[in-house]
Amino acid sequence: MTIARALPLPAPMVRLADHSADRRMLALAMAALVIGTGGAVAAWVLLKLIALATNIGWYGQFSFAPVAIGPAAQGWRTLAVPVVGSLIIGLMARFGSDKIRGHGIPEAIEAILFGQSRLSPKVAVLKPLSAAVSIGSGGPFGAEGPIIMTGGAIGSLLAQCFHLSASERKTLLVAGAAAGMTAIFGTPFAAMLLGVEVLLFEWKPRSFVPVAVAALTAIAWRPWLIGAGPMFPLPMALSYDAVALVGAVVLGLGVGAIASGLSWALYRIEDGFHGLPVHWMWWPAIGAVAVGIGGMTDPRVLGAGYDNIQALLLGSMVVKAILLLLIVKAVVWLIALGSGTSGGILAPLLMLGGALGALAGHALPGGVPLYALAGMAAMMSASMRAPLTASIFAVELTGRFDALPVTAAASVAAYTISVLVLRRSILTEKIARRGRHLSQEYAVDPLSLVRVAQIMTPTPATLPATMTVNEAARFFADADHRAYPVVDGKGRPVGLVSRADALRWFDAPPEIGATLREVVSDAALPMVSPEWPVDRAAERMLAEDVDRLSVVDAQGVLVGLLARRDLLRARSGWLSDEQDKRRFATMGRSFPV
């Protein structure tokens, strides 16, 4: 005989809140202080490694002092150094970890969404080493992608040392990524927004606060480790008017189309490498041949090229030089990245966008520096589908927050074209090609906007707890439903009885005269309040592993049932709002008040 268990009443509505944050958020924020420091130190180490690789590869000297590749890019060395560096990267990926291939951000996203935010120590060590060899040997990349992966690995490794959920590990992984990006570029606000738009896949205090703490910690360390001030200072005034804003929109539309073409070309090139009859370990060296040829054509395309970005922003390049840089950089970057070598995409995107903007600045009102800045923001926005990040990133890099309306106009215009032309961004296409599709649209869960009372089955049919088992068995012979709540004399649910129970009683009858109260199924209905939002009720269904809930009022009296199929009705209301098109007012008629 099974005794009915007493069921807890649903939690009072006062526990429901706008946000799900609790005191664990403070613990994550404290951990973010450590991770922010680790990310800043990792950025400093990465820059030193890049300088060392550049000195060894191009000048034959052991030094951590930053040097330019251009003066040494002459003769056979221009072709040999990139190829040797790419061979080293191929060996590191083949015998170390293939996670170091690519620019790092898709790998970070994949670890967050499909790997429970767990990155290995190998990645934390090999990613900066491979990126340093790649950039130092002339690879046309930047340090930002690798430091995002490295900083994320630091956050993930620290999180794995404690009892944390996958969501909390994700928060600390993104905190490390934001810290690394902030330390390299000096852009804490853009790093926070990058977490929201690209990496976190949510907008919650629990995740945003620790990410912000890590980014601010990194910017506090930056003056002592890397240097203070904007990365690309613009001392001249940037004035704009309505005409310049329109020009920024036009530029953004054009850059959005070009960025979409670059993304398409990148994955066609990658497909070409996949068709080669050689192991992928050799692909970076094959791609490096194109890099070397590009370096012979224009040495400025080798390495990260931050000095080129500064020259574009200052307007010190002539049109012919800008065109050459734009074309050669785009070609070598696409081939090198498509080969699967290691390196970041932000610096190349900034350079290409800045070059397009600088060209437009020779024809549009407002000047070259203004449009070079707008072009940088537009290219990043269209390629990464992160318009807010791109708008802020460009002005933080230069310290010219007065140009924010211009960068925002260009970013939004480029973003508009990109999402209409391409199904996925340059980041998510790589993940989708591995069979893992995702959405970058954030919206309020439609189940959170509907109350249980709106979709429940009201006043459901019940069975009294005093009914005998024999009576219940006869009742189920002609019953309309497969299960019924059992209620006491006051209408309060005490359990659930189903057709399966009745069949079992025929095979093994309980004691003569036993009532449902005494033998009611242990699969008793968990309770919810009619005022609960449906998403919380759905969570309780999952937690209790049941397909229906009893809905009770403040006194515990049963007022309805909520089944899984009812959840679909709440979803259908959202689909109706999305798809049904109606007109509620016409010219000459007043609108409802």
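Biologist: Helices (H or I, at least four residues) and strands (E, at least two) are DSSP runs numbered from the N terminus, so which helix does D535 lie in?

Modeller: D535 lies in helix 22. This is a predicted model, where local features need pLDDT of at least 70 and side-chain atom pairs count only at pLDDT 80 or more, while totals for chains, interfaces and linings use all residues. Residues are numbered from 1 along each chain as its sequence is written, and side-chain values use heavy atoms, leaving out hydrogens and water.

Biologist: What is D535 in contact with, beyond four places in sequence?

Modeller: D445, L447 and S448, with contact meaning heavy atoms within 4.5 Å.

Biologist: New topic. What order do the strands of the sheet have?

Modeller: The order is 1-7-6-5, in an open sheet of four strands with mixed pairing; strands pair if DSSP finds at least two bridges between them. Strand 1 (457–458) and strand 5 (527–528) are the edges, each pairing on one side only. Helix 22 (residues 534–544) packs on this sheet, touching strand 5, strand 6 (548–552) and strand 7.

Biologist: How does strand 1 pair with strand 7?

Modeller: Antiparallel, over two bridges. P458 stands opposite G560 in strand 7.

Conventions:
Axes fitted to C-alpha atoms, helices over the stretch in contact; angles between N-to-C directions.
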